[in-house]
Amino acid sequence: MRKKKSLLCVIMVFLLAFHCLTIYAEEENANPYEKMKADSYAKSIDTNKIKEWPQAPAVYADAAIVMDMDTGEILMGKSIEEKHYPASITKLLTVLLTLENASLTDQVEFTQDSVSFLQYEDAHIGMRPGEKISMEDALYAILLASANEVSHAVAETVGKQYFGGDYNRFIERMNEKSQELGCVNSHWINSYGLHDDNHYTCAYDMAKIASQVYSHETFRNIMRQNEHKIGETNLVKEERVFQQTHRMINPYGEYYNDICTGGKTGYTEEAMNTLVTMAEKDGKRLVAVVLHDYGAEVYKDTEKMLAYGFDNFKKMPIQEAERNDDIKGFAKKDAQILLPSNLEFSQLQKEIILTDRGIRTGQLIYKYEGHEMGRFDVSLTEKGYQSLKKDKKDSKKEQKKEEISDSENGKMPPVEIICGIVILLILILVFLKVILFMKRRKHKKRK
């Protein structure tokens with residue numbers, strides 16, 4: 001009897017120890033993810049460091065931004081130039097290039113290349129090689145269903161018909177377009193966003209791209225639709241039906257918000273969750289971007305960020321507030337700036353630079369504590385133009401004087417220093433050669 005009790009105790013102790021080890025192992029496995037999430041949440045919001053700037057909420061996203069789509073002003077920024085993988089939000093750039101160059105009535109034909117790369121879990125709508133659909137249907141499939149094979153086929157079509165090349169030429173144009181928009185840390189390898197180590201972007205760049213694509217009415221019209229049907233094609237005699245995947249835009253989504261008017265979702269194991277969301281409220285048009293986020297937090301973060309942007313900034317009509325004798329008028333009659341609610345327009349610093357976009361034209365730049373608030377094209381009065389022209393000439397003269405002064409003080413430019421060193425070395429070598437020659441000659445005479 002005692003032996004049985006002892007054996008039972010041993011078994012119970014063993015089971016208890018096994019249970020404890022299992023729990024410990026699960027906690028150990030969970031910790032890296034939770035730690036990564038906590039570390040990301042603890043990362044500081046860069047714009048919160050600006051003196052008297054409205055304090056933005058902490059977010060789980062590793063990189064995040066809220067930008068005014070009309071002026072490019074950054075209302076909130078967290079590691080906005082940090083490199084991240086975009087996943088399917090890549091498709092916003094694909095759509096932008098297509099809207100700028102192609103026609104909605106163009107025919108998109110699917111090649112073997114446009115479907116053969118797909119893996120089992122990749123987003124697609126089941127297109128087949130040789131099948132044809134309109135460009136308009138293709139854009140719906142890209143934006144609503146995030147169809148990868150459609151993104152590839154569209155890039156092939158536009159690359160061939162409008163860029164004089166092929167799919168690869170379209171990818172080149174994606175990179176060129178990024179530079180034209182002023183992107184700072186992006187490189188594109190494909191038109192759909194499946195992972196590649198050399199396919200990356202940053203929050204700032206995605207906000208710039210999103211602002212540009214949002215300026216197209218076709219994009220905004222597509223975003224208003226929750227569902228789209230592609231009818232029978234030349235190869236498939238049945239409809240394809242798909243819905244909006246962005247849960248803040250889809251009225252049946254858990255995080256639906258009626259101010260959200262556009263956007264794109266993304267996910268890969270390497271990129272984690274990415275999200276771009278455009279929204280309008282009280283005359284303000286904002287875009288929020290989150291990169292490397294965690295599941296549902298992608299929507300919670302975006303919700304907090306947009307609420308922060310709309311609640312803490314006020315619209316200020318520039319023409320009413322600006323009083324500068326050098327400015328004759330604004331190129332954009334309804335030019336407005338978003339100003340933190342606790343600040344006054346008079347607290348902004350401003351600078352006017354000359355441009356070559358017309359006769360007596362300039363650009364007015366507003367800043368606060370070194371943080372750029374917006375740039376506005378303006379026409380200048382004769383007095384203002386002559387004053388800026390004189391300042392520009394004086395600046396060039398002063399720069400020239402400094403260069404001459406530096407040269408006189410021995411502070412020569414790097415090229416001159418290198419040339420001087422080279423000449424000096426040549427003279428030393430020549431001098432040594434002469435001395436060596438003279439010694440040899442004397443030695444021969446003695447002999």
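This is a predicted model: local features need pLDDT of at least 70, side-chain atom pairs count only at pLDDT 80 or more; totals for chains, interfaces and linings use all residues.

Which element gives the largest share of the lining of the largest pocket?

Tutor: The largest share comes from strand S15, with seven residues. Residues are numbered from 1 along each chain as its sequence is written, and side-chain values use heavy atoms, with hydrogens and water left out.

The largest pocket holds about 570 Å³ of space. A pocket is an open set of points on a 1 Å grid over the protein atoms alone where a 1.4 Å probe fits, with protein on both sides within 12 Å along at least five of seven lines, and lining residues have an atom within 4 Å of a point. Grid points are joined across faces, edges and corners, and the volume is the space filled by probe spheres set on them. There are 28 lining residues here, and those nearest the centre of the pocket are Asp70, Thr71, Gly72, Gly374 and Arg375. Two or more lining residues come from each of helix H7 (203–214), strand S9 (284–293), strand S12 (336–340) and strand S15 (371–380). Helices (H or I, at least four residues) and strands (E, at least two) are DSSP runs numbered from the N terminus. By class, the lining of the largest pocket has nine nonpolar, seven polar and twelve charged residues. Here Ala, Val, Leu, Ile, Met, Phe, Trp, Tyr, Cys and Pro count as nonpolar, Asp, Glu, Lys and Arg as charged, and the others, Gly among them, as polar.

The lining of the second largest pocket divides into six nonpolar, nine polar and four charged residues.

Tyr214 forms an aromatic pair with Phe219 that is edge-to-face, at 6.3 Å centre to centre and with 70 degrees between the planes. Rings of Phe, Tyr and Trp (its six-membered ring) pair if their centres lie within 6.5 Å; planes under 30 degrees apart count as stacked, over 60 as edge-to-face and the rest as tilted. Tyr214 is buried, because its relative accessible area is 2%, and Phe219 is buried because its value is 0%. Buried means under 20% relative accessible area, exposed over 50% and partly exposed in between (1.4 Å probe, protein chains only). The whole structure has ten aromatic pairs. Trp53, Tyr308, Phe313 and Tyr368 form one aromatic cluster.

The loop between helix H6 (167–181) and H7 contains Asn198. Asn198 counts as partly exposed because its relative accessible area is 46%. Beyond its neighbours within four places in sequence, Asn198 is in contact (heavy atoms within 4.5 Å) with His187 and Ile189. Trp188 stands ten residues from Asn198 in sequence, and their C-alpha atoms are 7.3 Å apart.

Trp188 is also among the residues touched by Ser178, together with Leu93, Cys183 and Ser186, when residues up to four places away in sequence are not counted. Ser178 lies in helix H6 and is buried because its relative accessibility is 4%. Its C-alpha atom is 9.9 Å from that of Thr201, 23 residues apart along the chain.

Leu93, in turn, is one of the buried residues of H2, which also include Lys91, Thr94 and Leu99. Helix H2 (residues 91–101) is mostly covered, with nine of its eleven residues buried.

The loop between strand S2 (74–78) and H2 holds Ser79 and also Ala87. Phi is positive at both, near 50 degrees for Ser79 and near 60 degrees for Ala87, although neither residue is glycine. Ser79 is buried because its relative accessible area is 14%, and Ala87 is buried because its value is 2%.

Finally, these regions belong to a chain with twelve helices and 15 strands. Of its 447 residues, 45% count as buried. Among contacts between residues at least 6 apart in sequence, 60% join residues at least 24 apart.
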